Amino acid sequence: MADNVYDAIVIGSGISGGWAAKELTEKGLKTLMLERGRNIEHVKDYVNAGKESWEFPHRGGRTQQMIEDYPVLKRDYPLNEVVLDYWVNEKECPYTETKRFDWYRGYHVGGRSLMWGRQSYRLNENDFEANLKDGIAVDWPIRYKDLASWYSHVEKFIGVQGSRENLAVLPDGEFMKAMELNCVEKEVKKRIEAHYNDARKMIIGRSANITEPLASRTNCQYRNRCWRGCPFGAYFSTQSSTLPAAMKTGNLTLRPFSIVTRVLYDKDSKRATGVEIIDAETNKTYEYKAKIVFVCASALNSAWVLMNSATDIWPEGLGSSSGELGHNVMDHHLKVGAGGTIEGFSDKYEYGRRPTGIYIPRYRNWGSDKRDYIRGFGYQGGANRGRGLDIAEATVGSKLKEALSVPAENWGMGMMGFGEVLPYHDNKITLNKNVKDKWGLPVLDMDVELKENEFRMRKDMKNDAVEMLEAAGVKNIYTYDDTSAPGMGIHEMGTARMGHDPRTSVLNKHNQVWDAPNVFVTDGACMTSGSCVNPSLTYMAMTARAADFAVSELKKGNL
Amino acid sequence: MHRRELIKMIGLLTGAAVIGTDFLLTGCKTSTSSVQITPQMVALLDEVGETIIPATSTPGARAAKIGEFMKIMVNDCYSPSQQKAFTEGVSKLDDECKTHTGKPFLEASVAEREKFLIHLEEEAKKKNAENRELDNQKRKDHDQTNSKRSLAEQKEFEATPEHYYTMVKQLTLLGFFTSKTGMTETLRHIPVPGRYDGEMAYNAGDRAWAE
């Protein structure tokens with residue numbers, strides 16, 4: 001085998017790419033995983049994981065220099081001293097905005113699997129039927145039953161803690177022992193569920209934090225510093241989970257600093273033959289050949305790779321024949337909710353820092369409920385006991401110090417909505433050839449906005465939060481509805497959607513590009529609709545399913 | 001207490017968003033220029049900080065090297081106009097203290113210092129409220145002009161800097177409660193809790209968690 005020839009190439013090493021690499025190598029394929037950024041080695045390179053606040057010169061804050069260097073990241077919490085190394089260099093990798101789009105990227109081995117929120121939920125049966133029922137966009141070419149066993153496969157491997165609830169809206173999975181609700185959350189749960197006769201539920205947020213040892217990984221130590229990288233390997237990331245499994249097979253070659261510029265395509269065989277890369281450090285160009293290519297570069301960048309490929313045959317790129325490539329961009333809309341304080345728990349406190357909160361599954365437009373918008377939202381949040389809010393008297397001196405050294409009298413309880421965004425054809429990304437990145441490659445232009453359905457939903461997201469908190473006896477309720485520019489959910493989806501028909505979709509039901517069946521796109525790009533739950537678990541299941549199909553097709557000689 | 005809550009708490013206590021933290025865009029043409037914060041100023045800030053958070057049964061802000069912390073934060077995290085407001089304010093702190101108590105800050109007794117800082121806090125609150133009022137009008141004009149610009153040409157509104165004492169107090173609270181002594185001696189801190197208990201017994205007076 002020549003040193004540039006493999007059985008499979010995986011573009012990207014994040015949540016989806018890591019899964020593609022694991023599945024393909026375990027099935028015996030010599031696999032090359034290409035990552036555009038640097039390597040980050042598990043534990044060894046988590047340089048801030050063990051640092052205390054006082055070891056950061058700005059105590060975890062942001063400097064004027066950081067604000068200047070990160071014009072996008074500065075728009076929200078991700079810009080800070082603690083995890084700065086995990087975010088893309090925006091000067092080297094710009095993009096343009098016809099409309100504001102907050103794009104948070106991690107260009108390194110592991111991608112955003114290192115910094116993700118770890119919330120892990122299955123889509124439900126209705127999610128896969130929703131477009132068909134509502135008569136919007138296109139129908140998913142698969143149903144929940146097609147993915148169910150793959151969800152199980154993934155959950156067992158990555159480790160997801162959660163409670164079994166037997167809810168159609170939020171299917172149960174293969175859970176490890178659930179993390180505990182705290183005393184206030186238990187009471188709020190009881191009151192909300194009683195008030196709504198169980199039509200609304202409050203449960204522990206299901207997350208990819210392990211509560212029991214798994215393989216060589218240690219169970220969660222309740223530090224809640226996950227996004228710095230976990231020295232215990234207690235949450236799922238490429239580094240803690242899929243990469244070691246893929247490496248163990250001896251079939252994986254990982255090549256960092258490899259920017260895939262295009263998928264190579266042979267028009268006679270109608271197959272991809274491999275990819276072209278630029279070495280990010282030397283600027284040299286290389287070609288790698290393979291029988292199959294998995295595109296897992298994250299939703300927008302996967303679309304970028306396709307748009308930049310096979311342009312001699314399809315000017316708009318490989319997979320563009322339907323006119324849907326780069327369209328139907330989705331995210332989740334958020335940053336709307338409410339909170340307050342609750343009396344009666346002053347004799348209780350928390351020990352340990354739990355890395356998940358509560359979850360209230362969708363209940364709107366579910367069952368007999370009917371609203372002036374379609375789809376729904378869930379809430380994430382939690383209760384905790386802060387400090388120092390009841391000290392109007394002391395402004396200086398030992399009394400102030402004392403008041404700030406003990407917990408507040410009352411606990412706080414808050415919840416924030418995460419809503420579904422519909423797939424709109426005119427929410428799109430395009431190649432902007434007038435602006436180039438550090439390597440002379442065209443950049444993406446973003447033209448995405450929230451529309452009427454989302455804005456109507458946001459009213460409920462705010463008002464329902466207040467109503468539930470009131471029902472739970474929460475006092476001093478405050479609300480917020482902050483700007484939620486698309487992108488801030490960090491759940492980009494839809495740019496190469498799956499469908500039944502090559503005229504209206506980019507991928508078929510096995511995630512194959514209609515125009516190049518040995519090219520599979522299995523990250524957020526493939527999503528036909530967005531549901532309202534955090535999507536990463538679905539990408540993993542989708543990737544494992546597609547990898548299984550790809551290998552069996554390869555064996556049959558169909559690819 | 002998570003860092004975000006600490007920042008929220010400080011914001012509530014000082015009535016102003018905390019500069020140099022996750023939730024604020026210090027919207028301005030940025031600069032990396034340093035301002036002159038002299039060793040004398042650092043020494044003075046140590047004492048001001050110590051008056052806000054004094055040593056009690058546990059060390060106070062001076063032991064947390066609060067003056068040095070303020071210098072780093074103001075130099076690195078403050079915008080030029082905030083830097084200017086900070087240094088100009090701190091430069092006249094001694095004169096104001098003399099006017100108010102008849103003594104420079106370092107010569108004043110603890111009671112005099114406290115009284116003076118309470119006076120400064122009142123003054124800061126008043127001034128900040130006035131500025132906010134003026135800014136609201138300016139912000140409207142700014143937003144109107146901005147809406148006519150393309151997205152790339154839009155500028156963030158730069159609010160009038162807070163009163164310098166608001167800055168000093170914010171930095172004292174932030175610096176102290178994220179310092180080693182603040183987190184481990186005044187508060188309680190366990191880097192690796194190892195387990196979770198959501199209904200741990202709490203007895204009045206028990207220290208709060210630092211993180």
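What does the secondary structure of chain B come to, in helices and strands? It comes to eight helices and one strand, where helices (H or I, at least four residues) and strands (E, at least two) are DSSP runs, numbered from the N terminus. Before I go on, let me say that this is a predicted model, in which local features need pLDDT of at least 70 and side-chain atom pairs count only at pLDDT 80 or more, while totals for chains, interfaces and linings use all residues. Residues are numbered from 1 along each chain as its sequence is written, chains are lettered from A and ligands numbered from 1 in the order in which they are written, and side-chain values use heavy atoms, with hydrogens and water left out.

Let me stay with chain B. Along the sequence, its pattern reads α-α-α-α-α-α-α-α-β, and its C-alpha atoms fill a box of roughly 55 × 50 × 30 Å along the principal axes. Of the 211 residues in chain B, 50% are buried, buried meaning under 20% relative accessible area, as against exposed at over 50% and partly exposed in between, with a 1.4 Å probe and protein chains only. If we take the contacts in chain B with a separation of 6 or more, 65% of them join residues 24 or more positions apart, a contact being heavy atoms within 4.5 Å.

Within that chain, the axes of helix α6 (residues 110–147) and helix α7 (residues 164–177) come within 8 Å and cross at roughly 115°; such axes are lines fitted to C-alpha atoms, for helices over the stretch in contact, and the angles run from 0 to 180 degrees between N-to-C directions. On the α6(B) side the contact includes B:Leu117 and B:Glu121, and on the α7(B) side it includes B:Tyr165 and B:Lys169.

Turning to chain A, the largest nonpolar core has 148 residues, among which A:Ile11, A:Val275 and A:Val519 touch the most other members. By such a core I mean a set of buried Ala, Val, Leu, Ile, Met, Phe, Trp, Tyr and Cys residues joined through side-chain atoms within 4.5 Å. A second, separate core of 56 residues includes B:Ile19, B:Tyr165, B:Met200 and B:Trp209.

Now to one helix of chain A. Why is helix α7 (residues 299–307) of chain A described as largely enclosed by the rest of the structure? Because nine of its nine residues are buried, among them A:Asn301, A:Trp304 and A:Met307. What covers the buried residues of α7(A) includes β1, β8 (258–266) and β22 (516–521) of chain A.

A:Thr96 sits in strand β3 (residues 96–97) of chain A and is buried, with a relative accessible area of 17%. Its side chain makes a polar contact of 2.6 Å with the side chain of A:Asp445, where a polar contact is a pair of N or O atoms within 3.5 Å, of which, within protein, one must be able to donate a hydrogen and the other to accept it, residues adjacent in sequence counting only if both atoms are side-chain atoms.

A:Asn453 lies in helix α9 (residues 452–471) of chain A and is buried at 13% relative accessible area; leaving aside neighbours within four places in sequence, A:Asn453 contacts A:Tyr373, A:Ile374, A:Leu422 and A:Tyr424. A:Tyr6, in the segment before β1 (8–11) of chain A, is buried with a relative accessible area of 13%, and its C-alpha atom is separated by 8.9 Å from that of A:Ile292, 286 residues apart along the chain.
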